[in-house]
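Subject: Structure for you to look at

Hello,

Here is the structure I said I would pass on. Please open it first, then read the notes below it.

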Amino acid sequence: MSIVLDSDDIARALKRISHEIIERNHGLTGVTLLGIPTRGAYLAQRLAKIMAEIEFAPPVGTLDITLHRDDLRLRPPRPLLTTVLPEGGIEGRDVVLIDDVLFSGRTIRAALDALGEIGRPKSVQLAVLVDRGHRQLPIRADYVGKNIPTSALESVQVSLTEIDKLDQVEILGER
Amino acid sequence: MQSHLLSISDLSKEEAFQILDTAEELRKISDGPMKKLPTLRGRTVVNLFYEDSTRTRISFESAAKRLSADVINFSAKGSSVSKGESLKDTAQTLQAIGADAVIIRHGASGAAQRLADSGWISASVINAGDGTHEHPTQALLDAFTIRSHFPDFAADFTGLRVAIVGDILHSRVARSNVLLLAKMGASVTLVAPPTLVPVGAEKWPVKISYDLDSILPDIDVVMMLRVQQERMTNFFFPSAREYSRAFGLTNSRLALLQPKTIVMHPGPMNRGLEISAESADSTKSVVLEQVANGVLVRMAVLYTLLGGLPLNAGTERKS
């Protein structure tokens, strides 16, 4: 068990990602943030707050992808989480999906499917706090807080103060 | 939870609230542009209806289709049942076709239980009304409708006062509602002529009254039941007019209700008998909301039963 990011590291990573998103999109006028619950939604809120200090806060929404998963039948039914469409929708916007950990890529595939049901964004980008490798699909992140090489048997635990006791990312040993 | 929904007693309080929470999230999604979800793609849902139904059948059909399941509608009329085919043979036919869920409505109490326990089929069985026994999804959608009007009781119905009025004896809706509302914490009063109160109702978790006028001013929800003339093999009240005067929600009784009180009816309504046209069309009436909510709650039930790991496969896959 080891801590790979502490709260200062997370704050710095989010600040850098905010600047990268602004730079890549030449400002925030076309940008909409869409967090994937649970922790991706909180990260989206934090990014919007940081962006408000730099330029202004872009529209923020959340997208629950449970009903679009392809592995639903491999686990017992899970409760649905909240979907809140951002102000102004996603039509013609540069949508930045935000999640805590990028692993197999299946969550993002499901998110892309769900997005397709809602509308047609101009572009879709992906920001994650941690990329731990082991992709099963041809998906990559545009903005990465930290690349953490892991064993497939380990698990990565992201804690955020909004729902956990503290801000940190740790690797839990093989189970 | 089991892989069937036969009775409200199959559900714990937590599971009941979880289904309502799921339906709530589905409402937010359905209100947006995502009308159709891919969740049950490739699964087959059979509507097996031995009794007539408008609302329940189209509600289940719509729910299954919004989750991308394939739906087969089967009604006894116009099928081999009219040639004398037994429930067992029909069930085995459905098994051979490869049904993942069977939604059954049947005139015999216990038909859904029989189908689930018989070993004839491996599909999930959902009871959509069996005789005078239960109609669990109706109770869930009623609870969902009540909750959306009384947000103070979102997590617990303790303190909420509900009157269920009318033909309790023949009502599977009443039985399921009594079980569910009591489980969720509400205090329920049954109001009916003594001839339409079932034997044993005194042991239910309810109060029983024969006087509607004394009950109406102090309740939050009044649920009117249909007088089920097709099940009445005996004389239960002297005349329709006398029933209406004593137990119908007439215009003058509508005026007794508090401003926040809502009027519910599972449908189809006998206008002029148990409910006056003015009451049925008043702003207190949530009858059409109940229908709309039915689709959401049934989506939640289908998702809960079919959306995850098939329960009989659970032990093999854990290893």
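Domain bounds, as used here, come from an automatic or database domain assignment. For chain B of this predicted model, that assignment gives domain 1 as 8–135 + 294–318 and domain 2 as 136–291.

How far apart are the centres of domain 1 of chain B and domain 2 of chain B? Taken over C-alpha atoms, the separation is 26 Å. Where the two domains meet, 33 residues of domain 1 of chain B are in contact with 31 residues of domain 2 of chain B. The area buried between them is about 2700 Å², and carbon and sulfur atoms give 63% of that area.

Next, a pair of helices in chain B. Two packed helices are described by the angle between their axes and the distance between the axes. For H5 (residues 136–149) and H11 (residues 287–306) of chain B, the axes come within 8 Å and cross at roughly 115 degrees. The crossing of H5(B) and H11(B) is right-handed. Residues of H5(B) that take part include B:Leu141 and B:Phe144, and those of H11(B) include B:Leu296 and B:Arg298. By class, this contact has six nonpolar, eight polar and three charged residues.

Last, one residue in chain A. A:Gly35 lies in strand E2 (residues 31–35) of chain A. Is A:Gly35 buried or exposed? A:Gly35 counts as buried because its relative accessibility is 0%, and the cut-off for buried is under 20%. Leaving aside neighbours within four places in sequence, A:Gly35 is in contact with several residues, among them A:Ala44, A:Thr62 and A:Ile98. A:Ala127 is 92 residues away from A:Gly35 along the chain, and their C-alpha atoms are separated by 9.4 Å.

Regards

Note on methods: Residues numbered from 1 in each chain as written. Chains lettered and ligands numbered in written order. Predicted model: local features only at pLDDT ≥ 70, side-chain atom pairs only at ≥ 80, totals over all residues. Heavy atoms only, no water. Axes fitted to C-alpha atoms, helices over the stretch in contact; angles between N-to-C directions. Helix = DSSP H or I, 4+ residues; strand = E, 2+ residues; numbered from the N terminus. Left-handed = near helix turned anticlockwise from the far one by under 90°. Contact = heavy atoms within 4.5 Å. Nonpolar A, V, L, I, M, F, W, Y, C, P; charged D, E, K, R; others polar. Buried < 20%, exposed > 50% of the residue type's maximum accessible area, 1.4 Å probe, protein only. Buried area = accessible area lost by both parts, 1.4 Å probe.
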